[in-house]
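Open the model in your viewer and colour it by secondary structure. The stops below say what to select and what is there.

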Amino acid sequence: MIHAIDHVVILVHDLATAMDDYAALGFTVTPGGVHADGATHNALVAFADGSYLELIAFRREAPDHIWWRYVAEGEGLIDVALLPDAIDDDVTAARMRGLDMTGPFSGGRERPDGVRIAWKTARPATPDLPFLCGDVTPRDLRVPTGAARLHPNGVTGIARVLVATRDPAVSAARYRALLGIEGTTVAAGVSFELGASAIVLTALNERHRREGPCALELRGGASVDLDPAITHGVPIRLGT
């Protein structure tokens, strides 16, 4: 069963700069390490609810990488991962409900302390849908715990991820196939609840660059919209 938002992916040009900027916004930022293919490295902003923000940057040109196509667009929110209980079973169930998916594929990275971690991912065919990220090694090796989840700005987790889509009704049908649950109609569009968080499908318009995740609402902290110049292009609202 897919039961939670695992993380959101934020593409940045320079990882060290992005880490400093997110720290200046009151987030505790933890270095993540280099991914197994050597093309990317990351840092994590882990929350008390178990989800996290992944700041990711390319270390070299990588035209075959799934996220390389976003580099030309500039920095910003590019993807969402969901956490499955058993990724192989969840992919099989989604396919039985009619959804086209690829994977699971093996992935991993080496942390700065030398610990190697491994996971599996699976991905639907359309950009309005999130991918799945299931752990092979224990999750607390991949996702920081303890003091890393405490933030001076008071944020405790992801409340909502807004996803822009050309046709929310069509996308909602795909989400039902992926998740095996019904969505709820809300003012912004269609909401799919995953634990204490939600993914909200909203109509694509001129404010959005493309289909896919377009904004974050984080739980906790003072009610404020963060400066996109400092969040590296991501619309983020605190205090939801």
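Select Asp20 and Ala24 in helix α1: both are exposed, on one side of the helix. This is a predicted model.

Now turn to the other side. Which residues of α1 (residues 15-24) are buried? They are Leu15, Ala18, Met19 and Tyr22. These four cover an arc of only 100° around the axis, so they sit on the same side of α1. An α-helix has 3.6 residues a turn, so residues three or four places apart point the same way.

Show what surrounds these buried residues. They pack against β1 (2-11), β2 (30-35), β3 (40-46), β4 (52-58) and β15 (236-238).

After α1 comes Gly26, which has a positive phi near 95°.

Zoom out to the strands. Eight of them form a closed barrel in the order β1-β4-β3-β2-β6-β7-β8-β5, and the pairing is mixed. Neighbouring strands are turned by 35° against each other on average, direction ignored. Pick out β1 and β4: the two run parallel and are joined by five bridges. Within this part, select Leu11, which stands opposite Ile56 in β4.

Bring the helices back into view. Helix α1 lies across β1, β2, β3 and β4, and runs at about 150° to β4. Helix α2 (residues 87-96) also packs on the sheet, where it touches β1, β5 (76-84), β6 (101-110), β7 (116-124) and β8 (131-135). The direction of α2 makes about 155° with that of β6.

The last stops are aromatic rings. How many aromatic pairs does the structure hold? There are five. One of them is Tyr22 with Phe27, a tilted pair at 5.8 Å centre to centre and 40° between the planes. Tyr22 and Phe27 are both buried.

Finally, select Tyr175 and Phe192. Their rings form a stacked pair, 5.3 Å centre to centre with 25° between the planes. Tyr175 belongs to helix α4 (residues 168-179) and Phe192 to strand β11 (residues 189-194), so the pair ties together parts that are 17 residues apart in sequence. Are these two residues buried or exposed? Tyr175 is buried, at a relative accessible area of 1%, and Phe192 is buried too, at 0%.

Note on methods:
Residues numbered from 1 in each chain as written. Predicted model: local features only at pLDDT ≥ 70, side-chain atom pairs only at ≥ 80, totals over all residues. Heavy atoms only, no water. Phe/Tyr/Trp six-rings, centres within 6.5 Å; stacked < 30°, edge-to-face > 60°. Buried < 20%, exposed > 50% of the residue type's maximum accessible area, 1.4 Å probe, protein only. Arc of directions from axis to C-beta. Contact = heavy atoms within 4.5 Å. Pairing = 2+ DSSP bridges. Axes fitted to C-alpha atoms, helices over the stretch in contact; angles between N-to-C directions.
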